[in-house]
Amino acid sequence: MIHFTLNGEPQALALDPDTPLLWVLRDHLGLTGTKYGCGEGACGACVVRLDGEPVKSCSTPLSAVAGRSVQTIEGLSPDGRHPLQLAWVLEEVPQCGYCQSGQIMTAAALLARHPRPSDEQINAAMSEVLCRCGTYGRIRRAIHRAATPEVQGG
């Protein structure tokens, strides 16, 4: 039995400890906001936060989350009104949308470490998540907007 916290709720699962966290979230717990991208930890579409740090859930075994706290895009905000989610909408970031949960979870970890990140900090953090649509400029603007409370709403 592996115990961990998921989006603030305790979990106890009797699964193979080598099962990738991505499949635990999607197939066993029904949280489909985290996407399967490359399956090799290279694209970042599957990023979740583990004790606040971004991890690629496709290459993180269930055993690695024992006793720890996992946050998915579903747990970022109960009503979808996290400043990053609002900024994503205002900056019209998504195109195909496939990488967006990984992008937002990576950005949330960045803002937790650097509440007012520079372009260089944003570029370094976000380089771990690929966007096939090339919305990197809009992603950077959305992160700056989310980091600047006085401009969050407009």
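Let me start with Gln85, which sits in helix 3, the helix that spans residues 83-90, and let me say at once that what we are looking at is a predicted model. Gln85 is buried, because its relative accessible area is 14% and the cut-off for buried is under 20%. If we set aside the residues within four places of it in sequence, Gln85 is in contact with Ile73, Leu76, Ser77, Gly80 and Ile104.

Now to Leu84, which, again not counting residues up to four places away in sequence, touches Ile104, Ala107, Ala108, Leu111, Ile143 and Ala146. Leu84 is also, together with Trp88 and Ile143, among the residues with the most contacts inside the largest nonpolar core, a core of 24 residues. At least two residues of this core come from each of helix 2, helix 3, helix 4, helix 5 and helix 6, and helix 4 gives the most, with 6 residues. There is also a second, separate core of 14 residues, and Phe4, Val24, Leu25 and Leu50 are included in that one.

Let me turn to the sheet, which is open and has 5 strands in the order 2-1-5-3-4, with mixed pairing. Strand 2 and strand 4 are at the edges and have a single partner strand each, so one side of each is left without a neighbour in the sheet. The partner relation of strand 3 and strand 4 is antiparallel, over 4 bridges, and within it Val48 stands opposite Val55 of strand 4.

Finally, helix 4, residues 100-113, lies across strand 3, strand 4 and strand 5, and runs at about 35 degrees to strand 3.

Note on methods. Residues numbered from 1 in each chain as written. Predicted model: local features only at pLDDT ≥ 70, side-chain atom pairs only at ≥ 80, totals over all residues. Heavy atoms only, no water. Pairing = 2+ DSSP bridges. Contact = heavy atoms within 4.5 Å. Axes fitted to C-alpha atoms, helices over the stretch in contact; angles between N-to-C directions. Buried < 20%, exposed > 50% of the residue type's maximum accessible area, 1.4 Å probe, protein only. Core = buried A, V, L, I, M, F, W, Y, C linked by side-chain atoms within 4.5 Å.
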